[in-house]
Each structure stands twice: as C-alpha cells, then as structure tokens.
Amino acid sequence: MIESLSQPWPWYVAGPLTGLMIPLLLLIDNRPFGISTSYQHICAALVPGRSSYFAYDWKKTGKWNLGLALGTLLGGFVAGSLLTNPDPIAISEATRTDLAALGLTDFSGLVPAEVFAWSGFSSLTGLVMMIGGGFLIGFGARYAGGCTSGHAIFGLSDLQFPSLIAVLGFFAGGLISTHFLLPLIF
Amino acid sequence: MRVEQTNDNTRELSWLAHLLVGTVFGVIVTKAEVISWFRIQEMFRFQSFHMYGVIGSAVAVGALSLIIIKRSGMRSMRGQEISIPAKDFGTGFRVAVGGTMFGLGWGLAGACPGPIFALIGNGVTVMAVVLASALLGTWAYGNLRERIPH
C-alpha cells in the first residue's frame, strides 16, 4: 500500500482528488477553495501597518484558511517523509534537454538544487527566481484576487469569467518567464 | 455566554478540520509532483500533458461537484446554505495585469502559493525565503491598492 502510494500519482488520480477539495471545503464549513488569501491573513496578523487591506480580525476571518495553509505544509512533510519517492522527477526528455541548455545539470530533487539553495542568493539567477518570483506571486495573486487554487481550480470550476481572464494572465506571464526571462538570467 | 462558547468550540473544530484538509492537499500536490519547478517548466514548454491533466481533471470534478451542490440545495455540515463568492472583475485590469504578474512569478519560482507551503514541508527550506518575499509582495499590494487601477 505505502509502496504504491509512494510512486508519483498520475494526473487522473491527483487531478480529481484536487477537484474534490472544492465540495469538501464547501460542505465542511461553506468555505471557498483558495490558498493565497492566507498571505493576506499572515500580513494582517504580523505587520498590519496602516492599510485598510490588513485592518480586520484575522483570527475570525482567516483562521480556517491559515489552517488550510499550515496543513498544506504538514502534508508536504508527511508525503516527503513517509511516501518518499527516491527517483528523480520523470520529466520529459525535451524539457531536460532545454534545461540542460540553460546550464542546469542536477535533476535529482523537486527543484533545481543549483538555484534553489541558500547559496543561490549570491547569484543574480537565484535572486530573480526566488526573491523576484516570490514577490510577483504575492503581489499578483492578491491583485488578481486569487491564485492557481482560487482562480484556476475554484473559479474555473464555477465558470467565472474573471477567473478565465486571470488564468490566461497566469499563462501569459509563465510563458514570458520561461521563454524570455529565464534565458536572460541564466 | 453558553452560545458564545459553542461558537468558539465550533471555530476550534473548524480550524482543525481545515488543518486536516490542508494536510491531504499537501500530500496530493507533493505526490502529483505539481510542486516541482521541473514540472512547471515542462508545462510552460508544452512538453508534457501531466500538469494540464491535473488542472483539467480537477476543474472537471470541481465543476461537476458544484453543479450537484447547487442543484440539490445541499447545506454545510454546520447547516449553512452553500454560498459561492463571485470573483471581482473590476475593469478587467486587476485580473489581467495581476494575473500576468502572478504568472511571471510562477514561471520564475516554479511554485504557486499552495506548493510553496508544501515545498517547505518537503524540506526545501529555502522556499521559506520565497514565502517571505511573497508576503512582502502581498504587503506591498495592500499598501498600493488604492493607488493602482483595478
């Protein structure tokens, strides 16, 4: 059992399970699926400042969402320690070739160890990808009103037009980063 | 007094329930490898169906669940009527520009908000800095919000 669960889960298993997050959250406590709101709650709790965006009772509004976010971290720990898959991620040969052309050689982890490491902050590549990438994720998700979970999964499931435009934006941005920015910074 | 206490208890339980749901979600995204920078690259290079399959089938199951919930008039375990919030479109600017900014970040860092948490749990501790930067971005948005077009 553990052995088969430790193998990478195919899309037709993982995707439907992810979709079930939507009815699960609605039926437990009438909550909409979405993770990036937790960023707003964390700011409201730690550094509210003067902005009205962070002036609310985060415990009352956000405790459930912070539980969801903390759980996601715990789930990562559980899967990483109990359901470990020792093999490298089986990405396509074409992707491997493209990334090798950028100069990446280590394909053993979940992320490229050459960039996503503490030593990565001493290079422009690492700074742009980790600090720049992180900032854009936080700013963009709240500007757009949701991230992959809130817009791409929940919003699209409800056939909401704003989510469609947001997801098209997600994709446009990702394509620019992949095909234009990465070759510049590597 | 008694009513308030019950509310508090339900809130505690709700928090724990969501911690559990999140844990399941964290296991799913880890085992589906959607938290991997390599998988995100594969997606943005159109070199595998994997990510499209995960997101597409999640949306299909989500959509079907919403139809069933709406048609049947189901209520939550606490008896609330199910409400599905409408995403704000504004003038379209916020979703188009905010979405593109988010996508730029997704393509660089190779992780979106859920996976950032899951990666920290997986022991990729440097993602805590990505999270801190994302919180800084959130904070910057909160403070600029009234001065930028939506």
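**Labels and the values behind them**

Author: Let's start with helix 4 of chain A, where A:Thr37, A:Ser38, A:Tyr39, A:Gln40, A:His41, A:Ile42, A:Cys43 and A:Ala44 are buried. Keep in mind that this is a predicted model.

Reader: What makes helix 4 of chain A mostly covered?

Author: Eight of its ten residues are buried. The cover over those buried residues includes helix 5 and helix 7 of chain A, along with helix 5 and helix 6 of chain B.

Reader: And what does chain A look like overall, how many helices and how many strands?

Author: Chain A has nine helices and zero strands. Read from the N terminus, its elements go α-α-α-α-α-α-α-α-α. The C-alpha trace of chain A spans about 50 × 45 × 35 Å along its principal axes, and 53% of its 186 residues are buried. As for contacts in chain A with a separation of 6 or more, 53% of them join residues 24 or more positions apart.

Reader: What is A:Asp158 in contact with, leaving aside its neighbours within four places in sequence?

Author: With B:Leu66 and B:Ile84. As for A:Ala100, it is 58 residues from A:Asp158 in sequence, and the two C-alpha atoms are 40 Å apart in space.

Reader: Then why does A:Leu159 count as exposed?

Author: A:Leu159 has 12 C-beta neighbours inside 10 Å. Exposed means 12 or fewer, so A:Leu159 gets that label. A:Leu159 also lies in the loop between helix 8 and helix 9 of chain A.

Reader: What is there to say about the phi of A:Leu159?

Author: Its phi is positive, about 55 degrees, although A:Leu159 is not a glycine. Most residues other than glycine have a negative phi. B:Phe46 is in the loop between helix 2 and helix 3 of chain B.

Reader: Is B:Phe46 buried or exposed, and how do you know?

Author: Exposed: there are 12 other C-beta atoms within 10 Å of B:Phe46, and the cut-off is 12 or fewer.

Reader: How do you know that the length of helix 6 of chain B agrees with what it should span?

Author: Helix 6 of chain B (residues 127-144) has 18 residues, and at 1.5 Å a residue it should span 26 Å. The end C-alpha atoms are 25 Å apart, which agrees. The buried residues of helix 6 of chain B include B:Met127, B:Trp139 and B:Tyr141. Among the elements covering its buried residues are helix 4 (37-46) and helix 7 (124-144) of chain A.

Reader: How many residues are in contact between chain A and chain B?

Author: 114 residues of chain A are in contact with 103 residues of chain B. Helix 9 of chain A gives the most to the side of chain A that touches chain B, with 18 residues. The residues on that side divide into 73 nonpolar, 36 polar and five charged.

Reader: Which residues touch the most other members of the largest nonpolar core?

Author: B:Phe102, B:Ile116 and B:Leu119, in a core of 93 residues. Helix 7 of chain A gives the most to this core, with ten residues. Not counting residues up to four places away in sequence, B:Leu119 touches A:Gly76, A:Leu110, B:Ile35, B:Ala111, B:Val124 and B:Met127.

Note on methods. Residues are numbered from 1 along each chain as its sequence is written. Chains are lettered from A and ligands numbered from 1 in the order in which they are written. This is a predicted model: local features need pLDDT of at least 70, side-chain atom pairs count only at pLDDT 80 or more; totals for chains, interfaces and linings use all residues. Helices (H or I, at least four residues) and strands (E, at least two) are DSSP runs, numbered from the N terminus. The expected span of a helix is 1.5 Å times one less than its number of residues. A residue is buried if 20 or more other C-beta atoms lie within 10 Å of its own, exposed if 12 or fewer, and partly exposed in between; C-beta atoms are placed from the backbone. Two residues are in contact if their C-beta atoms, placed from the backbone, lie within 7 Å. Ala, Val, Leu, Ile, Met, Phe, Trp, Tyr, Cys and Pro count as nonpolar, Asp, Glu, Lys and Arg as charged, and the others, Gly among them, as polar. A nonpolar core is a set of buried Ala, Val, Leu, Ile, Met, Phe, Trp, Tyr and Cys residues joined through C-beta atoms within 7 Å.
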